[in-house]
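Let's take a walk through the salt bridges of this structure. Have the model open and follow along.

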Amino acid sequence: MRQITRAAIIPRAASLAAQPRAIGAVMVRAKRLSEHSVITDLHQSGAMKLLFPRPDSAALQAIVINTAGGVTGGDDFALNACAEEDAFLTLTTQAAERAYRAQPDQVAEIRNRLMVRRGATLHWLPQETILYEACALQRRLSIDLDEGASLLLVEPLVFGRAAMGEELRAINFKDRIEVRREGRPLYLDAISLQGDVTAHLASANIASGAGALATVVYVAPDAEAHLPRLRALLPASGGASLIGADLLVARILAPDSFELRRSLIPILRQLSADALPRSWMT
C-alpha cells in the first residue's frame, strides 16, 4: 500500500490563464496511543482546514472545513487521511457542502483519498453535498484498506434546494467511489449526471422524483449481523445488501434532505455504535 506524503496532497498547478477560484489541501494521520487515537502528522493549506474537537471517545475526530464557503467552477480541493495500525479516525464536515453555479468550461474538482491500516477503523461521515443549478463538479473518493481494517462510509447527495423550488436543468456532476482491500476492488460506484437532471430523476425506473440520495458502505466482521436491523430502519425507497461476508451496502432515496436525514441518522448511529459526530445533530 502506498504511503501518503505532503507532496501528494498539493493540487496540481493551474496556468495563469485559468487560475482556480479556491485551492485547498489537507493531510492527516492518526495513530493509536494507549486507549486513544492521536494526531501523528498534519498538514493543511489554502481553503481547507481541520478542527479537532475535544476527545469524548477512543476515536480521533476531525472536522473538515471549506473556508471558501462552497465549491464553484475551477476550484480544486484534495484531502488525504490515514488511520495507522489499530487507530480509530473519524472524518466529518462542519456543514453541508454546496456546489454552486460554475462559469462555462470551468469544473471544480474534489479528490479524497483514505488509507486504513491493519486493525484500524475509519469513519468517513461527510454531511450532504447540495448541487445547485448550473454547477459543475467532479469528485472522487478512493479508499485503500489493509486486511483486517474496518470502514464506515456515507455519501449524502441533494439535488437542488427543494424549499426554494429549485430544479436542476443544466448541471455537470461526476462522482466516483472506489474501495479496495490490499489493492483488490471491494466496492466501485460511479454517478454521471449531465443536463436536465430533474427530468432524469423524475423517471419511475430511476428515482421517481427523489430529491436526495445517500450511499452507505460498511466493511467490518460484524456486517452480516447488522443487516436485519438496517433493513428495518430503511424507508420503502431504500435497500441494503450483503455483498460479502464483511461488506454491507445500502442506498436510500428521499424526497428532500430533511427526509433523507430522518432515515440516515438512525442507520449511522447503529453502524457507528452510536458515535455519530455532533456536527450531524446541529
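This is a predicted model: local features need pLDDT of at least 70, side-chain atom pairs count only at pLDDT 80 or more; totals for chains, interfaces and linings use all residues.

Residues are numbered from 1 along each chain as its sequence is written, and side-chain values use heavy atoms, with hydrogens and water left out.

So what does R29 pair with? It forms a salt bridge with E84, with the closest N and O atoms 2.3 Å apart; the term means a side-chain nitrogen of Lys or Arg within 4 Å of a carboxyl oxygen of Asp or Glu. The two partners are 55 residues apart, with R29 in strand β1 (residues 23–33) and E84 in the loop between β5 (76–83) and β6 (88–93). Helices (H or I, at least four residues) and strands (E, at least two) are DSSP runs, numbered from the N terminus.

E84 is partly exposed, at 22%, and it also meets R117 in a salt bridge (3.8 Å, N to O). Because R117 sits in the loop between β8 (108–116) and β9 (121–125), this pair ties together parts 33 residues apart in sequence. R117 is buried, at 8%.

Next, look at E128 and R261, whose side chains meet at 2.6 Å, N to O, in a salt bridge. E128 lies in the loop between β9 and β10 (129–131) and R261 in helix α4 (residues 257–271), so parts 133 residues apart are tied together. E128 is buried at 6%, and R261 is buried at 17%.

Note on methods:
Buried means under 20% relative accessible area, exposed over 50%, partly exposed in between (1.4 Å probe, protein chains only).
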